[in-house]
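Here is a short briefing for someone meeting this structure for the first time. Please look over the sequence and the model before reading on.

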Amino acid sequence: MSPDARQAWFRTLGQLALVLLAGLGLGLLLGHPWPALAITALGVVGWHYWRLHRVLQRLEARQRPEPVGGSGAWNSLDALLFRGQTEMRMRKRRLLTMLRAYRAVAAALPDAVVLVERNSQRVLWFNEAATPLLGLHYPQHHNAPVAQALQPLPMAQWLAAGRNAEPMEDVASPVDPGRRLSLRLLPYSDELWLLLARDVSKLLRLEHMRRDFVANVSHELRTPLTVIHGYLEMLDADDNPEWAALLAEMRRQSQRMTRLVEDLLTLSRLEARDQLPEEHVAMAPLLASLRREAEALSGGRHRVQVEDLAQVDLRGASKELHSAFGNLVSNAVRYTPDGGGISIRLSREADGGALLSVRDSGYGIPAAHLPRLTERFYRVSTSRSRESGGTGLGLAIVKHVLGLHEAQLRIDSEVGIGSTFSCRFGPERVLDRGLDHDSSAIHPT
Ligand code: ADP
């Protein structure tokens, strides 16, 4: 008990004793002490009931006026109750204001926000943007099953993945198929999920424009380059010996530009595809072909070794896989000094997948460069890449081809020791050799 409350309590007890004494005194004077005391006690009880009644009334009232001053226990109780109630109201108001502010923020977001109850998978709440982006309307869709409300989006399997659900990129909006959305699921508590949908139409349009632009420019450059290249080939250095060096440099540069344009076109074509035609890719002839390419590029300057440990084939796009592996082999030759070794190996993974790795004993790559190596035109050493005839697009092409095969590229490298580029294919991409394809393609002649 606080000192104030204790004081009020003793004061009330004192007042009670005084009143009873006064009643008894009056009774003695009148010659009837006990009836007078009983009447006084009844009066005191009545007064206390009346105070209790008043406190209850004040507790129930919507608008509570400030308690009137007084020093008794009842006044003290009233003041304490008033203070508790006022504090509670203020806390409630503060929480409400915060809640309203959060809701206003969520409602004003340009992205659609949908609150989903995890167990029942029903829509609990959604913001304004959910109407134009996802077609959710209040009150029809309030408490509706989310898969049904967002038809024809494939929500059922997606929600089943729960925490592991990968974002759905580039899906058509259920209201407007021309609108492209990116959907993410955030399981932010055990009971609630947050579904976020962002309009990415503009971004995708820009991305398409960029891709088309690069493809068109490369395409337009191709014809004049072929013409220039043709004329340069026709010019005979023997007629003008003083031009020999000049002509050789012009030919080299025009070849480089042609390679660049071809690589840019390959990359644009790969970017424009969601998937590639699938076929049985016979790995034995492919490995043999990679060996020939490595030997031709090396011109006898390196030891080339091919190991076929897996004895399996792959399911995928033969031309593109050949181009990707060829790029790795070409890099290994170009970034390995004379006398070094290059090893191409096809092996099996523990989970049934397959691994094609190209190892070299070349210059190696400092670890800081590894994460950015597959970016277009990213080079560790520009001069070394140019000297060796690189376009800076080889690994970007490799990454795209592997991505279209759900395969991963792993790069291990140590400066001065060498590098290993490994392409890892899942078990679903691995095929037994000699089945379901033209056998002449498997066994090299
Ligand atoms: P480039 O045409 O320049 O070779 P890539 O995309 O094929 O372009 O490779 C990007 C960069 O990665 C190269 O410029 C080179 O610096 C580095 N690189 C690629 N392969 C190897 C390798 N086997 N050894 C060392 N560095 C490599």
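The notes below go through the ligand site, the salt bridges, the surface and some backbone details.

This is a predicted model. A ligand is present, and 20 residues surround the ligand. A search of the whole structure finds 22 salt bridges. UniProt lists residues 216-429 as "domain: Histidine kinase", in an unreviewed entry.

**Annotated region**

**Ligand site**

- Which residues are closest to the ligand? They are Tyr335, Asp360, Ser385, Gly392 and Leu395.
- Arg334 uses its side chain here: one of its N or O atoms is 2.9 Å from an oxygen atom of the ligand.
- Thr391 uses its backbone instead, with an N or O atom 2.8 Å from a ligand oxygen.
- The side chain of Ser419 has an N or O atom 3.5 Å from a nitrogen atom of the ligand.
- On its own the ligand has 530 Å² of accessible area, and the protein covers 97% of that.

**Salt bridges**

- Arg198 and Asp111 form a salt bridge through their side chains, at 3.1 Å from N to O.
- Arg198 is in strand 5 (residues 192-199), while Asp111 is in the loop between helix 3 (73-108) and strand 1 (112-117), so the pair ties together parts that are 87 residues apart in sequence.
- Arg198 counts as partly exposed because its relative accessibility is 47%.
- Glu278 pairs with Arg315, and their closest N and O atoms are 2.3 Å apart.
- This pair also links distant parts of the chain. Glu278 sits in the loop between helix 8 (244-271) and strand 6 (279-281), and Arg315 sits in strand 8 (residues 312-316), 37 residues apart.
- Both partners are partly exposed: Glu278 has a relative accessibility of 44%, and Arg315 has 25%.
- Glu375 bridges to Arg372, with the closest N and O atoms 2.9 Å apart.
- Glu375 is partly exposed at 36% relative accessibility, and Arg372 is partly exposed at 42%.

**Surface and burial**

- Met1, Trp9, Phe10, Leu13 and Leu16 make up a nonpolar patch on the surface.
- Together these five residues have about 530 Å² of accessible area.
- Met1 belongs to the segment before helix 1 (3-30).
- Is Met1 buried or exposed? Met1 is exposed, because its relative accessibility is 67% and the cut-off is over 50%.
- Ser182 lies in strand 4 (residues 180-186).
- Ser182 counts as buried because its relative accessible area is 10%, and buried means under 20%.
- The side chains of Ser182 and Glu169 make a polar contact at 3.1 Å.

**Backbone details**

- Most peptide bonds are trans, and most residues other than glycine have a negative phi. The residues below depart from these patterns, as their own entries show.
- Tyr138 and Pro139 are joined by a cis peptide bond, with omega about 5°.
- Pro139 is in the loop between helix 4 (130-134) and helix 5 (146-149).
- A cis peptide bond also joins Gln151 and Pro152, and here omega is about 0°.
- Pro152 is in the loop between helix 5 and helix 6 (155-160).
- Asp170 is not a glycine, and its phi is positive, near 55°.
- Asp170 is part of strand 3 (residues 168-172) and is partly exposed, at 36% relative accessibility.
- Phe377 has a positive phi of about 60°, although Phe377 is not a glycine.
- Where is Phe377 found? Phe377 lies in the loop between strand 10 (354-360) and helix 11 (382-387).
- With a relative accessible area of 41%, Phe377 is partly exposed.

Key: Residues numbered from 1 in each chain as written. Predicted model: local features only at pLDDT ≥ 70, side-chain atom pairs only at ≥ 80, totals over all residues. Heavy atoms only, no water. Patch = residues over 30% accessible without salt bridge, like charges linked within 9 Å, V, L, I, M, F, W, Y side chains within 5 Å. Areas by Shrake-Rupley, 256 points an atom, 1.4 Å probe, with all protein chains shown as cover. Salt bridge = Lys/Arg side-chain N within 4 Å of Asp/Glu carboxyl O. Helix = DSSP H or I, 4+ residues; strand = E, 2+ residues; numbered from the N terminus. Buried < 20%, exposed > 50% of the residue type's maximum accessible area, 1.4 Å probe, protein only. Near = heavy atom within 4 Å. Polar contact = N/O pair within 3.5 Å; in protein donor to acceptor, adjacent residues only side chain to side chain. UniProt positions renumbered as here; feature names shortened; annotations may be inferred.
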